[in-house]
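Please look over the chain shown below before reading on. The briefing that follows takes its strands, its helices and its nonpolar cores in turn.

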Amino acid sequence: MTFNYQEALKNAALSMVRVKSPTHLIKMIARFLDREMGISHTSIIVLDGQKHQYVFCDSQGEKKVPKGLIKLEKDNPLIRWFSSKKEANGLIKKDHLSLQYLNSLLQDKAVLSYDKTLENRLVKIKEYMDTLKATLCVPGFYKGELLGIFILGEKTDMTEFNQEEMSFFQTLASDASMTIKNAEYKDNLLQKIEELEQSLDEIKRLRENDKDKYLQTILTFAYMVDARDPYTYGHSEQIKKLGLLTAHELHLDLSGEKEKILTSALLLHDVGKLGVPDNILHKKGPLTNDEWVLMREHVRTGPRILENHDDFKEVSVIIMHHHENFDGTGYPYKLKGDEIPIQSRIICVVDAFDAMVSDRPYRKGLAYDHAIAELKKCSGTQFDPKVVDAFLKIIEREINV
Ligand SMILES: [Fe+2]
């Protein structure tokens with residue numbers, strides 16, 4: 001069987017992004033492995049919500065293991081094989097455990113002689129693998145914690161798993177672990193998205209009936225974002241004002257619906273921050289790398305909330321790219337120059353300036369002349385030079401620096 005692993009991983013990753021609950025994800029992966037890989041059966045055990053034990057979650061395939069059969073304590077030899085540190089004395093712990101390797105260890109007198117308890121532990125692991133009808137176990141970790149194990153049966157063509165397949169399973173297991181963690185965090189987010197969607201329906205209704213009320217409601221929506229962080233209160237209104245002035249200075253076409261689209265994007269550019277946990281959003285100090293990953297996710301969360309509503313399709317695209325840098329070093333897609341919508345380039349400059357001059361819990365805002373110097377310094381790298389030029393004219397005119 002020829003199998004395109006790259007393509008399969010890409011497709012699996014894309015499906016994982018859409019998955020809303022860990023249980024659903026686990027079932028999806030088990031089904032995927034069963035359907036695509038030609039394996040007699042696939043099972044997955046995962047760490048339960050209380051983190052007390054590993055529970056059997058799903059099983060697929062013709063030889064599937066009955067549900068509810070397996071619960072493994074943290075000190076179970078199979079769990080400990082993956083969760084404890086690599087063992088010494090000639091015993092090489094790999095990122096996966098195959099029945100073949102386990103059998104070879106059990107026959108290796110030199111390895112067994114290092115540690116009296118080893119043979120006993122290996123025999124117990126073998127018993128568990130037999131119960132689970134496993135020929136290969138592949139662990140998934142998140143931040144060093146064992147989150148789950150893929151249990152794979154034999155290949156239906158009866159050949160051994162090859163290196164390419166092993167590394168595919170490992171990547172899939174680690175992607176899945178990361179997604180399970182994200183899904184736990186998303187549970188929280190979904191509740192908020194539901195509330196927001198109700199607001200969006202309300203906005204849509206108002207838009208049809210009353211234009212003034214529509215804008216009023218968008219504003220309320222933007223204030224919801226500001227209100228989560230007292231230090232950014234009023235931020236959206238300021239961004240809207242400066243962004244529209246900059247767009248006019250650039251002679252941007254704002255005819256028809258275009259001005260309303262830009263206004264909505266300016267007001268709602270950080271709406272995805274509703275999905276950033278409070279402890280990160282309000283952290284009094286620099287963020288860790290992992291925290292930055294969640295913080296940066298706001299450029300995807302915002303559009304995810306808005307994109308299903310026809311009125312906000314273009315707004316979503318603008319919002320998605322407001323942290324792209326002009327030289328292609330930004331996120332989420334590393335777009336460059338004119339590839340970035342001009343409205344997003346405007347938000348990028350205005351937002352950065354507003355952030356620099358605003359007070360934060362851990363620092364005073366920069367003086368205007370320092371912030372202006374910083375914009376000039378990053379013109380051409382982070383920022384579009386023509387947007388910076390237009391913005392600086394506005395600042396000089398409007399704020400009289
Ligand atoms: Fe942002």
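Helices (H or I, at least four residues) and strands (E, at least two) are DSSP runs, numbered from the N terminus. This is a predicted model, in which local features need pLDDT of at least 70 and side-chain atom pairs count only at pLDDT 80 or more, while totals for chains, interfaces and linings use all residues. Residues are numbered from 1 along each chain as its sequence is written. The secondary structure of the protein chain comes to 17 helices and six strands.

**Overall picture**

- Of the 401 residues of the protein chain, 33% count as buried, where a residue is buried if 20 or more other C-beta atoms lie within 10 Å of its own, exposed if 12 or fewer, and partly exposed in between, with C-beta atoms placed from the backbone.
- Among contacts (C-beta atoms, placed from the backbone, within 7 Å) between residues at least 6 apart in sequence, 58% join residues at least 24 apart.

**Ser 40 and strand S1**

- Ser 40 is found in the loop between helix H2 (22-37) and strand S1 (41-47), and it counts as partly exposed because it has 17 C-beta neighbours inside 10 Å.
- Ser 40 and Asp 157 are 117 residues apart in sequence, yet their C-alpha atoms are 9.4 Å apart in space.
- Seven of the seven residues of S1 are buried, so this strand is largely enclosed by the rest of the structure.
- S1 runs antiparallel to S6 and is joined to it by five bridges, two strands being paired if DSSP finds at least two bridges between them; Thr 42 has Leu 152 in S6 as its bridge partner.

**Strand S5 and its partners**

- Strand S5 (residues 136-142) is mostly covered, with five of its seven residues buried.
- S5 pairs with strand S4 (residues 97-98) in the antiparallel sense over two bridges, and Leu 136 in S5 is the bridge partner of Ser 98.
- S5 is also joined by seven bridges to strand S6 (residues 145-152), again antiparallel, with Ile 151 in S6 as the bridge partner of Cys 137.
- S5 and S6 form a hairpin with two residues between them, and Lys 143 in the turn has a positive phi of about 50°.

**Nonpolar cores**

- A nonpolar core is a set of buried Ala, Val, Leu, Ile, Met, Phe, Trp, Tyr and Cys residues joined through C-beta atoms within 7 Å.
- In the largest such core, which has 37 residues, Ala 265, Val 349, Val 350 and Phe 391 touch the most other members.
- The elements that give two or more residues to this core include helix H10 (258-268), helix H15 (342-357) and helix H17 (385-399), and H15 gives the most, with seven residues.
- Leaving aside its neighbours within four places in sequence, Ala 265 is in contact with Val 315, Ile 318, Ile 319, Gln 343 and Ile 347.
- Apart from this core lies another, of 32 residues, among them Tyr 54, Leu 136, Val 138 and Leu 146.

**Helices H15 and H16**

- The axes of H15 and H16 come within 9 Å and cross at roughly 145°, where axes are lines fitted to C-alpha atoms, for helices over the stretch in contact, and angles run from 0 to 180 degrees between N-to-C directions.
- The contact is made by Val 349, Phe 353, Met 356 and Val 357 of H15 and by Tyr 368, Ala 371, Glu 374 and Leu 375 of H16.
- By class, this contact of H15 with H16 has seven nonpolar, no polar and one charged residues, where Ala, Val, Leu, Ile, Met, Phe, Trp, Tyr, Cys and Pro count as nonpolar, Asp, Glu, Lys and Arg as charged, and the others, Gly among them, as polar.

Terms used. Contact = placed C-beta atoms within 7 Å.
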